Amino acid sequence: MNKQKSILLTGGTGLIGFSLTQQLLKKGYQVSHLSRSPGKDKRVKTFLWDIDKGQIDEQCIDGIDIIIHLTGAGIADKPWTEERKRELIDSRVKSIQLIYELLGKKSHQVKSVISAAAIGYYSDRGDELLTEESGPNTDFMARCCIDWEAAVDEGKELGLRIVKYRTGVVLDKGGALAKIEMPIKLWVGSPLGSGKQWIPWIHWQDVVDMYLFAIENEDLVGIYNMVAPNPVTNKQLTLAIAQQLNKPLWAPNVPAFLLKLIMGEMSTIVLGSTKVSAQKIMDAGFKFKYPELPEALKDIYG
């Protein structure tokens with residue numbers, strides 16, 4: 001069976017990478033990481049790379065069956081200067097190109113690349129229900145995602161099975177949720193802008209399970225939306241978090257113009273409306289553990 005498959009992860013120390021690594025080890029897979037710094041987990045072999053310098057330990061692909069590509073600079077971590085935009089694209093594009101260059105020149109047994117992608121591909125689309133067939137937007141977020149997906153698709157020329165997951169807002173104890181809950185905890189939580197913008201959320205456990213699903217189902221190929229089947233608005237999400245934290249929401253909505261003033265172009269992350277369908281992955285046989293927001297938040301907040 002698949003138990004002894006050997007898996008190489010990029011971005012293995014991030015929120016999702018860490019949880020996925022633990023689950024893979026539990027299931028009996030051999031797991032290696034490609035990282036900028038030596039690893040701390042003795043069960044995981046860590047190979048070093050430097051994406052900017054184009055350096056990669058060539059032994060990283062020895063005996064590997066599947067590569068899971070999660071590397072990418074955090075989209076909301078720093079203001080979007082021109083230099084930062086370049087960094088956001090390069091961290092995603094150059095990293096996978098470096099791996100493909102290595103696969104192209106050295107013998108290996110890699111059959112599949114399963115890569116993160118993002119719902120930023122669709123960006124701000126109002127109330128339109130977006131499927132994998134929907135076209136991309138034209139703003140920076142979309143351009144970043146188009147370049148990223150195109151770079152991942154280059155693996156088809158190497159005869160690899162390619163799976164790409166357009167990931168929504170992952171709800172975890174850290175990440176996006178920590179940013180949303182902070183004002184609520186300080187008693188000044190309120191919806192952002194109109195509050196009517198759609199948030200394509202997903203529980204972190206369903207993200208991990210979806211990667212496992214792609215590993216274990218070798219006929220799964222192509223692009224899939226990685227979002228829960230029941231999207232909510234910004235206002236509904238804010239209310240649901242406040243209920244979990246037993247905090248009132250009394251402050252007025254944060255005006256859109258203020259967010260644009262503070263965040264600039266990056267404000268599209270919080271003001272953009274992206275209503276995304278999960279139908280395709282469900283049709284492929286994936287079952288969500290947390291299809292509804294209240295259960296997802298209850299699990300996270302315990």
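Me: Which residues do ring pairs link into a cluster?
Reply: This is a predicted model, in which local features need pLDDT of at least 70 and side-chain atom pairs count only at pLDDT 80 or more, while totals for chains, interfaces and linings use all residues. Residues are numbered from 1 along each chain as its sequence is written, and side-chain values use heavy atoms, leaving out hydrogens and water. Rings of Phe, Tyr and Trp (its six-membered ring) pair if their centres lie within 6.5 Å; planes under 30 degrees apart are stacked, over 60 edge-to-face, the rest tilted. Such pairs join Tyr165, Tyr211 and Tyr224.

Me: How many aromatic pairs are there, and how are the rings of tyrosine 121 and tyrosine 122 arranged?
Reply: Searching the whole structure gives six aromatic pairs. In the pair of tyrosine 121 and tyrosine 122, the centres are 5.5 Å apart and the planes are at 90°, so the arrangement is edge-to-face.

Me: Is tyrosine 121 buried or exposed, and what is the relative accessible area of tyrosine 122?
Reply: Tyrosine 121 has 13% relative accessibility, so it counts as buried (buried is under 20% relative accessible area, exposed over 50%, partly exposed in between, with a 1.4 Å probe and protein chains only). Tyrosine 122 is buried too, and its value is 0%.

Me: What is the angle between the planes of phenylalanine 286 and phenylalanine 288?
Reply: Both phenylalanine 286 and phenylalanine 288 are buried. Their rings form an edge-to-face pair, 5.0 Å centre to centre, with the planes at 85°.

Me: Which residue has the charged end of lysine 275 over its ring?
Reply: A charge sits over a ring if NZ of Lys or CZ of Arg is within 6 Å of the ring centre and within 35 degrees of the ring normal. Arginine 92 lies over the face of tryptophan 148, 4.8 Å from the ring centre. For lysine 275, the distance to the ring centre is 4.4 Å, and the ring belongs to tryptophan 198.
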